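Please examine the fold shown below with attention to how its parts cover one another.

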Amino acid sequence: MVRNTNEDVSTMPATYLRQATNEDLPTIKKIIKEAKAYLKQQGIDQWQNGYPDDEALETDVKFGITYVLIIDGKIAGTAALHQGLDVNYLNIHDGEWVNGVHGRYTAIHRIAMSADFRGQHLSDKMITGLITISGVLGYKDIRIDTHPDNLGMQHVITTNGFTKRGTIYMTEKGHEATPRYAYQLIIG
């Protein structure tokens, strides 16, 4: 039996990452709000003090570092891909970065999936897309961090090839610095 491959392909939803635009901001803000509620529901004290706020999300889009995961024409997730030095990564405890604190790297931040797409393992697609974008931009060192209680994100991070390097302390506006597990991936 011969399959019509054109028919098979046309039924698959298009999946890709693209830079976010100002028009995407209402959806991005909604996704972040849903993620905060989801973390709270799990008893994870991450993003519970106002961070990330609308101003941070707007700034990320303005500077072109926010990406959205598109599934069949809909925004399924969002993340920021910071390029260059991240002040929160300057002091690492109980470990060290492979290329030192001043290495040339990207840092994945504020990754969140829409409640409408939760449970579909799309964080993996988001992270692999951001790794690819990092490589295209000329970066070989990619870093990411997450809350010690966020076991789901820790699993996503390590199954995407990242290695735990130590603990950093994340400073959020008006709040005491809180510990985050720090991970790194070196690509060829």
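The buried residues of helix 2 are covered by elements that include helix 3, strand 2, strand 3 and strand 4. Those buried residues are Leu25, Ile28, Ile31, Ile32, Glu34, Ala35, Lys36 and Leu39, where buried means under 20% relative accessible area, exposed over 50% and partly exposed in between, with a 1.4 Å probe and protein chains only. An α-helix has 3.6 residues a turn, so residues three or four places apart point the same way. The model is predicted, so that local features need pLDDT of at least 70 and side-chain atom pairs count only at pLDDT 80 or more, while totals for chains, interfaces and linings use all residues. Residues are numbered from 1 along each chain as its sequence is written, and side-chain values use heavy atoms, with hydrogens and water left out.

Helix 2 comprises residues 25–41; helices (H or I, at least four residues) and strands (E, at least two) are DSSP runs numbered from the N terminus. Its 17 residues reach 24 Å from the first C-alpha to the last, close to the 24 Å expected at 1.5 Å a residue, the expected span being 1.5 Å times one less than the number of residues. Just after helix 2, Gly43 adopts a positive phi of about 80°.

The sheet is open, with seven strands in the order 1-2-3-4-5-7-6 and mixed pairing; two strands pair if DSSP finds at least two bridges between them. Its edge strands are strand 1 and strand 6 (163–170), each of which pairs on one side only. Neighbouring strands are turned by 30° against each other on average, direction ignored. Helix 3 (residues 54–62) packs on this sheet and touches strand 2, strand 3 and strand 4 (105–113), contact meaning heavy atoms within 4.5 Å. The direction of helix 3 makes about 85° with that of strand 2; axes are lines fitted to C-alpha atoms, for helices over the stretch in contact, and angles run from 0 to 180 degrees between N-to-C directions.

How many residues of strand 2 (residues 66–71) are buried? Six of its six are. Thr66, Val68 and Ile70 point one way, whereas Tyr67, Leu69 and Ile71 point the other way.

Strand 2 is joined to strand 1 (residues 15–19) by five bridges, in antiparallel fashion, and Ile71 is the bridge partner of Thr15. Six bridges join strand 2 to strand 3 (residues 74–83), also antiparallel. Here Val68 has Thr78 as its bridge partner, and Leu69 has Gly77. Strand 2 and strand 3 form a hairpin with two residues between them, and Asp72 in the turn has a positive phi of about 50°.
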